[in-house]
Amino acid sequence: MDTNSFREEDFSSVPAAERALIERRQRLLGGAYRLFYRKPVHLVRGRGQYLWDAEGHRYLDVYNNVASIGHSHPHVIEAVTRQMSSLNTHTRYMHETILDYSERIMATMPSPVDRAMYMCTGSEANDLAVRVARLYTGGRGIIVTREAYHGTSELTSGLSPALGSGQRLSPEARTVAAPDPYRHGAEDLGHRFALELQAQIDDLRRAGVGFAAFLADSIFSSDGVLPNEPGMLREAIDLVHANGGIFIADEVQPGFARTGESFWGFQRHGLVPDLVTTGKPMGNGIPVSGLFGRNEVLQAFSDQVPYFNTFGGNPVAMAAAQAVLDVIEDEDLQRHAQEVGCRFLEALRGVAREHPDVVGDVRGAGLFVGFELVRDAESRQPDKSLALDLIEELRNRFVLTSVAGPFGNVLKLRPPLPFSAEDVMWVADALDESLTALGH
Ligand code: PMP
């Protein structure tokens, strides 16, 4: 998560106005914060898929999964303003909005999912999901992928190897490599992935830790964006169940229509999760997240532990979440993500053909694309330094994105869903020019 961070040695090349802001941050904010880019960007306004900096330059946002239906969407602003003007309170009083939303969102999920709980962040959703999984199964062991990110709490940061070696992994966690057809070969990948999962479940058992859950983002975004063939994960999830564990689908990244083929990432693989967690795109900027599951799975937790989250599921958050669903439907964003996503993949594959030595792989589902950079096509050795130079070049062409994956060499291209055919060309041209400028 630290890969594309501003570093002290870049300070001298930053313009004076930004330098003053950086110094002010350093004086006022905790040192753990990181800025993107060698030349950090100071944004003042957003609309749709575009952002403007303090000098009035327009940027194309190809990274933001928070403003998933577009920055400053008027329908969300209106819904939030209306609700905020009449009432905002918490879930210990009755209110219809949370119930209306629950009915609507659970109608998008497999029918066994019949209960909803709400919180404010993806971290809180995953934190609660793990606590629920442990009480339901009686086990404590959690398996995640090798470059997973699941949150910032004590519990979820211990399940987030993407935080780097400074963050200790929980002793009750095990990792598996995310299934990567480019690096591991496509043949039998689902089966090989299931076997690896079984080996880690066995390893937990040998250490005296019962297996509770496999917690995964089905598009493996921090692992380098690995959508895989639809259905690929089915064998692994059957195996999770056969071992008495549950599958927690972390939908913070692929959920809310982004993959185009389906509304949820797990649906692309034909899976029925035991628990679903959501976050960022759910409120398009308003902090709201959710945990969804079968009543039976939630029961042990519900019986033993009261749950109250002061801001979780408040009427304003629920109004924002409702408005997001309205827009996805009214603007037909799932179909749009699929159609423009196909064009995007095609255009980027065109760029790859122009630069075949360094673009190893282009893959994606809907508006979620990974663009992998290598030292040469034959060895497939990851080229992190090229990826980092490339995102700076793109930034200078007003295209914002970042990198992902265990080697930090995959561009994670994940624009707000209104991303258009012209935007596709903007990114493709900027990539082509940038790679050429970098000598490729
Ligand atoms: N899960 C995944 C897959 C994520 O990408 C993130 C955030 N990047 C989280 C959980 C945590 O969400 P939040 O930052 O809202 O706590």
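Which polar side-chain atom lies 2.6 Å from a nitrogen atom of the ligand? In this predicted model, the atom belongs to Lys280. Two further polar contacts (pairs of N or O atoms within 3.5 Å) involve oxygen atoms of the ligand: a side-chain N or O atom of Ser123 is 2.5 Å from one, and a backbone N or O atom of Gly122 lies 2.9 Å from an oxygen atom. The ligand on its own exposes 400 Å², of which the protein buries 82%; accessible areas were computed by the Shrake-Rupley method with a 1.4 Å probe, and for residues only the protein chains shown count as cover.

The shell around the ligand, taken as residues with a heavy atom within 4 Å of it, includes Thr121, Asn126, Tyr149, His150 and Asp250. Its residues divide into two nonpolar, six polar and two charged, with Tyr and Val counted as nonpolar, Asp and Lys as charged, and Gly as polar. Helix α4 (residues 122-137) gives the most to this shell, with three residues; helices are DSSP runs of H or I with at least four residues.

Turning to the surface, Leu28, Leu29 and Tyr33 form a nonpolar patch with about 350 Å² of accessible area together. Patch members have over 30% relative accessible area and no salt bridge (a Lys or Arg side-chain nitrogen within 4 Å of an Asp or Glu carboxyl oxygen), and nonpolar side chains are joined within 5 Å. Leu28 lies in helix α1 (residues 16-28) and is exposed (over 50% relative accessible area), at 61%.

Residues are numbered from 1 along each chain as its sequence is written, and side-chain values use heavy atoms, without hydrogens or water. As the model is predicted, local features need pLDDT of at least 70 and side-chain atom pairs count only at pLDDT 80 or more, while totals for chains, interfaces and linings use all residues.

Conventions: A polar contact is a pair of N or O atoms within 3.5 Å; within protein, one must be able to donate a hydrogen and the other to accept it, and residues adjacent in sequence count only if both atoms are side-chain atoms. Helices (H or I, at least four residues) and strands (E, at least two) are DSSP runs, numbered from the N terminus. Patches are made of residues with over 30% relative accessible area and no salt bridge: like charges are joined within 9 Å, nonpolar side chains (Val, Leu, Ile, Met, Phe, Trp, Tyr) within 5 Å. Buried means under 20% relative accessible area, exposed over 50%, partly exposed in between (1.4 Å probe, protein chains only).
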